[in-house]
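Dear colleague,

I am passing on the structure below, and I would be glad if you opened it beside this message. My notes on what was found follow directly after it.

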Amino acid sequence: MNICGSILKLFGWSVSVSVPDYPKCIICVAPHTSNWDFIIGKLAYASVGRKTGFLMKESWFFWPLGCFFRAIGGVPVPRGKKRGRSLTEVLVERYETSDRLVLAITPEGTRSRTSEWHTGFLRIAQQARVPIVLGVIDFSLKKAMIEHTFQPTGDIEADMASIKKFYKPYKGKYPEKFCAE
């Protein structure tokens, strides 16, 4: 067991990752109700010897945190008016030009309660032809899991309904902030 696994075990967490170590994929992570999700998720994935990048609000990438977040795989996401290409286009191109790219994305896009999940991760996966693995951080079970692969069909609405249905039974740190309706 590595140090990341030892830290999680010390705090009573278990990790189960049974999907293949895809060279390119998107890890859809939910529920996302706390900043602790990031820490637990990074530790859990590293505990099985894997690395992932992640999307994060651009405003967090100030000195010196910006250097740290980039070093551990952070990709800044600009807010407000878009200039030039969309984030989806940029990430699809990145997948197409990379030998290995694994990104964790929280479709809720916020730690607040919302039923309107962002669909960009579905569009990116479809256009880049990469699988989506479904990552769960369940605080009620103290378990981080990546056990299912989802291949998008191109029907964004139906795909999102399937994904939300999958996540519905799980509990975030603040269950009242999670909505998979």
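Lys177 lies over the face of Tyr174, at 5.0 Å from the ring centre, where a charge sits over a ring if NZ of Lys or CZ of Arg is within 6 Å of the ring centre and within 35 degrees of the ring normal. Please keep in mind that this is a predicted model, in which local features need pLDDT of at least 70 and side-chain atom pairs count only at pLDDT 80 or more, while totals for chains, interfaces and linings use all residues. Residues are numbered from 1 along each chain as its sequence is written, and side-chain values use heavy atoms, with hydrogens and water left out.

Next come the aromatic pairs. Rings of Phe, Tyr and Trp (its six-membered ring) pair if their centres lie within 6.5 Å, and planes under 30 degrees apart count as stacked, over 60 as edge-to-face and the rest as tilted. By this rule there are 11 aromatic pairs. One of them joins Trp13 and Phe139 edge-to-face, with 4.9 Å from centre to centre and 85° between the planes. Because Trp13 lies in the loop between helix H1 (3–10) and strand S1 (14–17), and Phe139 in the loop between strand S6 (132–138) and strand S7 (143–150), the pair ties together parts that are 126 residues apart in sequence; helices (H or I, at least four residues) and strands (E, at least two) are DSSP runs, numbered from the N terminus. Both Trp13 and Phe139 are buried, a word that means under 20% relative accessible area, with exposed being over 50% and partly exposed in between (1.4 Å probe, protein chains only).

Trp60 and Phe69 also form an edge-to-face pair, at 6.4 Å centre to centre and 80° between the planes. Trp60 counts as partly exposed at 36% relative accessibility, whereas Phe69, at 7%, counts as buried.

In helix H5 (residues 120–128), the buried residues include Phe121, Leu122 and Ile124. The buried residues of H5 pack against several elements, among them strand S2 (24–30), helix H4 (87–97) and helix H6 (156–167). After H5 comes Arg129, whose phi is positive, near 55°.

Finally, His32 lies in the loop between S2 and helix H2 (36–47), and at 12% relative accessibility His32 counts as buried. Leaving aside neighbours within four places in sequence, His32 is in contact (heavy atoms within 4.5 Å) with residues including Asp37, Thr106 and Glu108.
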